[in-house]
Amino acid sequence: GDRDLELYLRVPGTADEDARVTATAHPLGAGRPIELPVSRMSSSPPGTPSRNVYLALGPADFPRGGCWAVSVALDGEPVGMAVIPVAAAT
C-alpha cells in the first residue's frame, strides 16, 4: 500500500535553515541501503533553542519487507534515526 514515511524531528537550533537534508534506509540483515527522497514540510521559527522539523520521506521503493533503519542527516551530520517495519509487497 502506502510507502510514504513521516518523521517528526527536533534538530539543533544552530542548524542552518538551508541545511541539506538526506535520508537513507538500511535493511536489518542482508541487503543494500536505499536513498529516500526528502521534503521539508515545516519548521518552527529560527532562533528558538531547538527547531522542530517535520519531514516527509518517500515514496520509498523498499526491495523487500522486514525491519529497516532510517537515518536522517543535516549537511552530512546524523540527527535522527528510526527503525521501521516494512510489510512485504503483495
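Predicted model: local features only at pLDDT ≥ 70, side-chain atom pairs only at ≥ 80, totals over all residues.
User: Where is Thr 24 found, and is Thr 24 buried or exposed?

Analyst: Start with the element, then check the accessible area. Thr 24 belongs to strand E2. Thr 24 counts as buried because its relative accessible area is 14%, and the cut-off for that label is under 20%.

User: Which residues does Thr 24 touch, leaving out those up to four places away in sequence?

Analyst: Skipping the sequence neighbours leaves the contacts made by the fold. For Thr 24 these are Pro 33, Ile 34, Glu 35, Leu 36, Ala 69, Val 70 and Ser 71.

User: How many residues of E2 are buried?

Analyst: Count along the strand. In E2, 5 of the 7 residues are buried, so the rest of the structure largely encloses this strand.

User: What order do the strands take in the open sheet?

Analyst: The open sheet has 4 strands in the order E3-E2-E6-E7, paired antiparallel. E3 and E7 are the edge strands, each pairing on one side only. From one strand to the next, the twist averages 25°.

User: How many bridges join E2 to E3, and how many pair E2 with E6?

Analyst: Bridge counts let you go through the sheet pair by pair. E2 and E3 are joined by 3 bridges and run antiparallel; one example is Ala 25, opposite Ile 34 in E3. E2 and E6 are antiparallel too, over 7 bridges, with Ala 69 of E6 as the bridge partner of His 26. Between E6 and E7 there are 9 bridges, again antiparallel, and Val 70 stands opposite Ala 82 in E7.

User: Which residues touch the most other members of the largest nonpolar core?

Analyst: The general idea first: in soluble globular proteins, nonpolar side chains tend to be buried together. Here the largest nonpolar core has 17 residues, and Ala 25, Ile 34, Leu 36, Phe 62, Trp 68, Val 70 and Ile 84 touch the most other members. Strands E2, E3, E5, E6 and E7 each supply at least two of the core residues. The largest share, 4 residues, comes from E6.

User: What does Ile 34 touch, not counting residues up to four places away in sequence?

Analyst: Pick a core member and list its contacts. Ile 34 touches Ala 23, Thr 24, Ala 25, Asp 61, Phe 62, Pro 63 and Trp 68.

User: How far apart are Ala 69 and Leu 28, in sequence and in space?

Analyst: Compare the two separations. Ala 69 and Leu 28 are 41 residues apart in sequence and 6.8 Å apart in space, C-alpha to C-alpha. Ala 69 lies in E6 and is buried, with a relative accessible area of 5%. Beyond four places in sequence, Ala 69 is in contact with Thr 24, Ala 25, His 26, Leu 28, Met 81, Ala 82 and Val 83.

User: How many helices and strands are there in the protein, and what share of its residues is buried?

Analyst: Whole-chain totals put the local picture in context. The protein has 0 helices and 7 strands, and buried residues make up 34% of its 90 residues. Among contacts between residues at least 6 apart in sequence, 57% join residues at least 24 apart. The accessible surface comes to about 5,600 Å², and carbon and sulfur atoms account for 56% of that.

How values were computed: Residues numbered from 1 in each chain as written. Heavy atoms only, no water. Core = buried A, V, L, I, M, F, W, Y, C linked by side-chain atoms within 4.5 Å. Buried < 20%, exposed > 50% of the residue type's maximum accessible area, 1.4 Å probe, protein only. Contact = heavy atoms within 4.5 Å. Pairing = 2+ DSSP bridges. Axes fitted to C-alpha atoms, helices over the stretch in contact; angles between N-to-C directions. Areas by Shrake-Rupley, 256 points an atom, 1.4 Å probe, with all protein chains shown as cover.
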